[in-house]
Amino acid sequence: MQKIAALHDQEKLKQKFGYWEGVLSIIINTVLFVIKYWVGTMTSSVAVMADAWHTLSDSMTSIVVVIGFKMSSKPPDNEHPFGHGRAEIIGSVIIGTVLAIVGFNFLTESVHRFIHHHQATFTPLVVIVFLVSTLLKEGIAQFSFWGGRKYNSHALIADGWHHRSDAIASALIVLGFFLGKYYWWIDSVMGFMVSILIFMATYSIMKSSVSLLLGENLDDSFKTQLDALAYKAIQQDVKLHHIHLHKYGHHRELTCHIRFSPAMTLGEAHELADQFEETIRQELGIEATIHIEPELREQG
């Protein structure tokens, strides 16, 4: 029971961290958007405007993160008996979708401006604003990555990549300031590069989140651990198969089949299966359902 209580405490800490990370991100990104948008209108730069809207999308996705953590903290109910833990993963998918839309819009705008030889006018103010933005966004990214690793949160890691892509985009725009007076096309190219960075972040987020929603295969180390727990609970070698693990945030459900000797009574087999389920619950914090089968005798 201590391990189960520890898992619940860890989940509460994760939700609290995710909430405050989201609130901090919303405040900083909204302020940065206003400043970047103002600078963008002054310079007529597609790269600056793209980065401004990218920053605003950070605020929107942070709102998704906050809502996701609030939803995932809700207890199980009649409609959702396994809880609401997957709301966090769904939030990550929404983040990836918003990123993809933002990236596509500015990719097309960058191509359009390149075709029409549009040149932006950069000022020293751009350097100051975007250097500050680079440092702030990388700082928030590191904060999100740290929380994501500590609490095993895909939503926090996804939000961290969103911040990281914005930090890199801001750094590219600073570079564009120094090159813009030599090359008329630098603004369009920087806008294009920012769009590619957004697409890369989208791919990273969507790949891990969608994989979790579809269901992932168990790794060999978990199966080995499960075999060891089976021997600990039953004190005999058994054959486990049809092992499936279903993840709902911190709540996990395990189903597997176990084979006993045909000479064993149903009551004895059921008692041993109960012992195994309790061991899994105590050691791993996982709710298990064990299906009993007779061990197949080899044909002579």
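This note goes through the predicted model point by point, from the overall fold to single residues and side-chain pairs.

1. Overall architecture. The chain holds eight helices and three strands, and along the sequence these elements follow the pattern α-α-α-α-α-α-α-β-β-α-β. Of the 300 residues, 46% count as buried, while the chain exposes about 15800 Å², of which carbon and sulfur atoms supply 64%. Among contacts between residues at least 6 apart in sequence, 75% join residues at least 24 apart.

2. Helix α7. The helix runs over residues 220–234, and at 1.5 Å a residue its 15 residues should span 21 Å, which agrees with the 21 Å between its end C-alpha atoms. Within α7, the residues Phe222, Leu226, Leu229, Ala230, Ala233 and Ile234 are buried. They cover an arc of only 110° around the axis, which means that they lie on the same side of α7. The face turned away from this buried side carries the exposed residues Asp220, Ser221 and Thr224. After the helix comes Gln235, for which phi is positive, near 65°.

3. Nonpolar surface patch. Val111, Phe114, Ile115, Tyr182, Tyr183, Trp185, Phe192, Met193, Ile196 and Met200 make a nonpolar surface patch of about 980 Å². Helices α3 (87–115) and α6 (186–214) each supply at least two of the patch residues, and α6 gives the most, with four. Tyr183, one of the patch residues, is found in the loop between α5 (154–179) and α6, and with a relative accessible area of 39% Tyr183 is partly exposed.

4. Val46 has its place in helix α2 (residues 46–72) and is buried, with a relative accessible area of 2%. Leaving aside residues up to four places away in sequence, Val46 touches Phe106, Glu109, Ser110, Arg113, Asp187 and Ser188; of the pair Val46 and Arg113, the C-alpha atoms are 8.0 Å apart in space although the residues are 67 apart in sequence. Ser133, found in helix α4 (residues 124–151), counts as buried at 0% relative accessibility, and, with the sequence neighbours up to four places away again left out, Ser133 touches Leu32, Lys36 and Ser170.

5. A search of the whole structure finds four salt bridges. In one of them, Glu138 pairs with Arg164, with the closest N and O atoms 2.8 Å apart. Glu138 lies in helix α4 and Arg164 in helix α5, so this pair ties together parts that are 26 residues apart in sequence. Glu138 is partly exposed, its relative accessible area being 24%.

6. Salt bridge between strands. Glu293 and Arg259 also form a salt bridge, in which the closest N and O atoms are 3.4 Å apart. Because Glu293 lies in strand β3 (residues 287–294) and Arg259 in strand β2 (residues 251–260), the pair ties together parts that are 34 residues apart in sequence. Glu293 counts as buried at 18% relative accessibility, a value that should be read against the cut-off of under 20% for buried, whereas Arg259, at 24%, is partly exposed.

7. The side chains of Arg281 and Glu287 meet in a salt bridge, at 3.1 Å from N to O. Arg281 counts as buried at 19% relative accessibility, while Glu287 counts as partly exposed at 30%. Salt bridges that share partners join Glu278, Arg281 and Glu287 into one network.

Definitions and conventions
Residues numbered from 1 in each chain as written. Predicted model: local features only at pLDDT ≥ 70, side-chain atom pairs only at ≥ 80, totals over all residues. Heavy atoms only, no water. Expected span 1.5 Å × (residues − 1). Buried < 20%, exposed > 50% of the residue type's maximum accessible area, 1.4 Å probe, protein only. Arc of directions from axis to C-beta. Patch = residues over 30% accessible without salt bridge, like charges linked within 9 Å, V, L, I, M, F, W, Y side chains within 5 Å. Areas by Shrake-Rupley, 256 points an atom, 1.4 Å probe, with all protein chains shown as cover. Contact = heavy atoms within 4.5 Å.
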